[in-house]
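Thank you all for coming; I would like to walk you through one model this morning, going from strands to a cavity and then to a second sheet. Please keep the display in view while I talk.

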Amino acid sequence: MVQFHEHIISDLLEDPIGGVVVVSAGLGLPKLISSLLSLHDPSQGSVLILNASPSQKNSIDIDSQLSSITSDLPSHHRLSFYTSGGIFFITPRILIVDLLTQRLPTTSIAGIILLNAHSLSDTSTEAFIVRIMRSSNRSLYVRAFSDRPHAMVSGFAKAERLLKCLFLRKLHLWPRFQVYVSQNLERDPPEVVDIRVPMSPHMIGIQKAVIEVMDACLKEMRKTNKVDVEDLTVENGLFKSFDEIVRRQLDPIWHTLGKKTKQLVSDLKTLRKLLDYLSRYDAVTYLKYLDSLRASESFRSVWIFAESSYKIFEYAKKRVYHFGQSESGKSIGVSRTTSTRKRKLDEKNKDGDDSSASASSGLILKEILEEPPKWKVLRDILVEIQKEGQKQSMAGQEEIHGSQGDLNGIVLVACKDEHSCMQLQDCITKGHHKVMQEEWEKYLLSKVELQALPKYDKKKPKAPKGFGVLDGVIPSVSGQKAEVSSISKPENDALMAAAYEISKQAKKDTDVKDGGANEEHAKGKKNGRKNKRQMISKTDRECETSIQSETPHSKQKETVNDQNLSTAGHLLGNASESNYRCVLQKHDDQGPENNSAFSSVHFHALESNQSLLDILQPSVIIVYHPDIAFVREIEIYKSENPSKRLKVYFLFYEDSTEVQKFDASVRRENGAFESLIRQKSLMMIPVCQDEQFLGVNSSQEPQSIAAQNVITRKAGGRKEAEKEMQIIVDMREFMSSLPNVLHQKGMRIIPVTLEVGDYIVSPLICVERKSIQDLFGSFSSGRLYHQVEMMSRCYRIPVLLIEFSQDKSFSFQSASEIGDDVTPNSIMSKLSLLVLHFPRLRIVWSRSLHATAEIFAMLKANQDEPDVGKAIRIGVPSEDGIIENDIRAENLNTSAVEFLRRLPGITDSNYRSVMDGCTNLAEVVQLPMEKLAVLMGGHKAAKTLRDFLDAKYPTLL
């Protein structure tokens with residue numbers, strides 16, 4: 001255990017009530033909690049750990065000694081766990097149900113450990129649990145932990161409100177710059193090598209273009225005057241929380257925003273990903289992602305039509321391939337041919353484009369396949385580590401990797417995600433060029449698969465849908481001029497030709513060698529098509545298109561589309577050597593020494609949230625994608641192993657947003673802690689706040705003076721015993737915060753499994769609660785119709801409660817979206833039809849959770865309390881198929897009604913009038929023709945029924 005962990009634990013143990021601990025990211029919070037739990041004495045009672053994610057469970061419970069209480073366990077087994085005095089993981093939903101049903105003796109619980117405290121609020125289920133348990137067990141301690149300080153400062157006085165809802169008084173702040181932390185971690189720091197890798201010119205161009213486009217989108221956002229301008233900076237836009245900040249500010253007025261503003265919010269998220277993926281992935285993967293964006297967002301997004309957006313696509317293509325003339329080597333002016341060309345769907349215009357393209361004959365498609373600069377640096381570092389280890393071992397000195405008995409030394413490479421780990425591992429084992437070539441083949445094959453998809457709009461060629469971007473056509477958007485973001489027709493033909501050649505060759509190889517080894521299969525493909533060029537002569541025009549590869553092991557391929565495969569002639573020739581071939585040959589010379597050299601290299605994905613440092617005990621750590629939390633984990637690992645020599649390499653792209661994001665994350669965390677320190681000095685936490693929450697009715701507001709004066713006039717001021725209100729709640733509703741708010745209002749919550757409704761307010765009133773999102777989903781699936789039908793059958797007053805979020809506008813639809821007529825897609829039309837079909841249904845609109853609690857209190861006025869046993873049985877059919885409390889069965893003979901509705905001539909429009917005019921089926925049969933015509937609304941329907949009733953039954957006699 002590091003020393004400052006001991007200080008944190010001692011501070012927590014000083015206060016028997018508990019406290020909230022906020023630490024910097026990566027400062028070993030799971031180890032801190034494990035050390036704290038190791039001090040637990042079973043005689044004190046059980047300890048429950050709430051709100052833990054699966055990765056946090058694995059980090060805290062390394063030896064798998066702690067049990068989890070799940071809903072699969074029977075209630076008596078859960079009771080034995082509660083009273084055993086052990087430490088258990090449990091979900092808030094199970095715990096709150098056991099508390100409300102009094103299956104859990106609160107005196108047997110010593111304390112509660114709350115993880116991810118930044119996600120809690122006064123309406124969360126965890127606060128509900130703490131309030132109930134503290135009301136009956138004063139000695140209970142509550143210890144909450146969080147390692148996200150920036151999330152603790154979002155909103156108004158969040159830390160203070162968190163302390164109040166958990167009934168705590170102490171806030172413990174442990175930033176990286178705290179004295180004990182800095183002294184402990186900086187006493188014996190590891191050897192750090194900071195390597196700044198220069199980006200390629202094309203990467204610099206892409207980064208500059210993305211930042212320009214992002215700045216343009218932010219300027220457009222500022223024009224709306226709907227968002228705080230201080231938050232709209234490019235630096236803030238590098239973080240995921242930026243999307244949450246913007247959405248949180250726009251949520252109350254989201255329905256009033258135009259399509260452009262909503263799209264800008266989505267575009268900022270897309271641009272942030274483009275910056276992140278530029279430094280994370282290779283050139284081919286990046287181009288594939290851009291192609292997917294171009295196909296899915298080209299006719300909707302705003303950023304694609306920005307001034308600098310075309311540079312992103314152009315530079316991304318230049319990193320992968322080069323399309324130009326074979327003689328001069330100059331690139332064809334793709335921007336010139338595509339920016340002025342509109343969508344042409346008729347054959348004449350297509351022929352015109354083909355003839356203009358054929359004028360520039362001798363086109364060539366060169367595979368550039370630019371490798372990420374970090375790949376070469378990583379390989380050089382691994383070679384350097386190996387040579388240093390050999391020197392140390394030959395000199396007989398202590399090895400750089402093996403001061404703790406590890407002779408070979410373990411090298412840990414930390415990447416952002418699993419894809420990067422697998423790709424870097426392939427780079428080490430297979431070589432850089434082969435990995436890039438495989439990615440290039442996957443990219444081309446994906447184009448073949450996309451081309452092979454069935455096209456459903458062939459019968460309507462004159463109706464442009466905007467999906468023809470990958471076919472070399474620019475989507476036509478009304479009111480907007482399409483910038484250059486798509487490839488030219490000859491260029492697309494060359495790519496498709498190469499793709500079909502690969503797919504044909506792969507199919508041919510699989511036919512020849514069925515089930516053969518992958519390595520031999522790849523070798524046969526590589527050697528069979530080495531240094532070859534294919535020239536295709538098309539039937540409708542003469543245009544030579546060839547592919548020339550820069551890499552010595554790359555495949556030369558070209559073919560045509562399905563329409564021209566049968567008529568095209570294939571001519572193979574030797575490709576001329578290019579200058580790039582010599583340059584890349586030097587990189588390939590380093591390839592043979594890869595398999596045996598780096599056998600002790602391990603890769604770790606930071607997104608997996610697993611701590612491998614203590615398990616692997618590496619001597620060298622290469623931080624391929626820098627992350628502030630992982631840097632702190634390295635510091636903790638070194639401080640726990642001061643005798644071990646540790647060398648850390650940091651790989652940054654020089655002058656990139658990667659460096660800017662890392663520095664900004666440090667500044668943001670420090671700023672969050674400074675804000676928390678100021679809040680802590682100004683907090684107003686009541687010293688005796690525990691006494692304010694003695695019982696269930698503690699949160700009720702005190703009576704006014706007028707109400708007290710009224711009481712004094714009755715029986716000498718004797719206060720009448722207040723009747724406790726109770727509400728029956730379905731178990732599934734504890735996923736929401738409404739039961740917590742109802743409990744705050746002084747209502748007794750009874751959790752049961754209900755077949756009909758979500759809340760039983762009284763024996764007559766049943767409430768089905770729907771949020772806005774759930775309402776739309778229930779209408780789409782048809783589930784709401786069945787729910788309302790069952791409520792109408794079983795309760796006198798069925799209520800549909802539509803609840804809005806507190807931080808959003810109390811408006812269902814904007815005025816412009818409400819139409820004059822009933823439409824199948826309109827939510828208001830669906831609600832109207834629902835009310836028409838169920839006349840007794842009542843719709844209640846609620847602004848927020850607290851407004852819903854007040855509505856429930858008003859609905860319960862002058863109503864009896866619901867019966868729990870009866871509520872559970874309602875809606876459950878008996879053995880005879882009879883549903884208890886069926887109101888239709890009480891008022892009507894449902895079997896006779898169903899029989900009447902099935903008679904010829906009886907329809908949905910006239911069966912009610914027939915029921916009003918007759919008391920039973922016998923009267924219907926005996927009615928004269930004239931009376932039947934009046935009741936059924938016409939002689940034709942009456943004659944149909946009379947003919948059916950008077951029809952003779954054929955017999956054999």
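Let me begin with the right-handed β-α-β unit that is made by β16, helix α24 (residues 628–640) and β17, where right-handed means that, with the strands pointing away from the viewer, the path from the first strand over the helix to the second runs clockwise. Helices (H or I, at least four residues) and strands (E, at least two) are DSSP runs numbered from the N terminus, and residues are numbered from 1 along each chain as its sequence is written. This is a predicted model, in which local features need pLDDT of at least 70 and side-chain atom pairs count only at pLDDT 80 or more, while totals for chains, interfaces and linings use all residues, and side-chain values use heavy atoms, with hydrogens and water left out.

Within that unit, strand β16 (residues 620–623) runs parallel to β17 and is joined to it by four bridges, with I621 having V648 as its bridge partner in β17; two strands are said to pair if DSSP finds at least two bridges between them. Strand β8 (residues 191–197) also pairs with β17 in the parallel sense, over seven bridges, and here the partner of V197 is Y653.

How enclosed is strand β17? Seven of the seven residues of β17 (residues 647–653) are buried, so the strand is largely enclosed by the rest of the structure; buried means under 20% relative accessible area, exposed over 50%, and partly exposed in between, with a 1.4 Å probe and protein chains only. Both faces are covered, with K647, Y649, L651 and Y653 buried on one side and V648, F650 and F652 buried on the other.

In the loop between β16 and α24 we find H625, which counts as buried because its relative accessibility is 5%. H625 and C415 lie 210 residues apart in sequence, yet their C-alpha atoms are 5.2 Å apart in space.

Now to the cavities. The structure holds eight cavities of 30 Å³ or more, a cavity being a set of points, on a 1 Å grid over the protein atoms alone, where a 1.4 Å probe fits but cannot get out, and a lining residue having an atom within 4 Å of a point. Y653 is one of its lining residues, and so are Y624, W375 and D282. Which helix gives the most to this lining? That is α18, with three residues, and both α12 (259–280) and α18 (418–430) supply at least two.

Finally, there is an open sheet of six strands in the order β19-β18-β20-β21-β22-β23, with mixed pairing. Its edge strands, each pairing on one side only, are β19 (748–752) and β23 (842–846). Strand β18 (residues 726–730) and strand β20 (residues 759–760) pair in the antiparallel sense over two bridges, and V729 has Y759 as its partner. Y759 also stands opposite V767 in β21, and a hairpin joins β20 to β21 through four residues. The pairing of β21 with strand β22 (residues 797–803), by contrast, is parallel and extends over seven bridges, with C766 opposite P798. Six of the seven residues of β21 (residues 765–771) are buried, so this strand too is largely enclosed by the rest of the structure.

Note on methods. On a 1 Å grid over the protein atoms alone, a cavity is a set of points where a 1.4 Å probe fits but cannot get out, and a pocket is an open set with protein on both sides within 12 Å along at least five of seven lines; lining residues have an atom within 4 Å of a point. Grid points are joined across faces, edges and corners, and a volume is the space filled by probe spheres set on the points.
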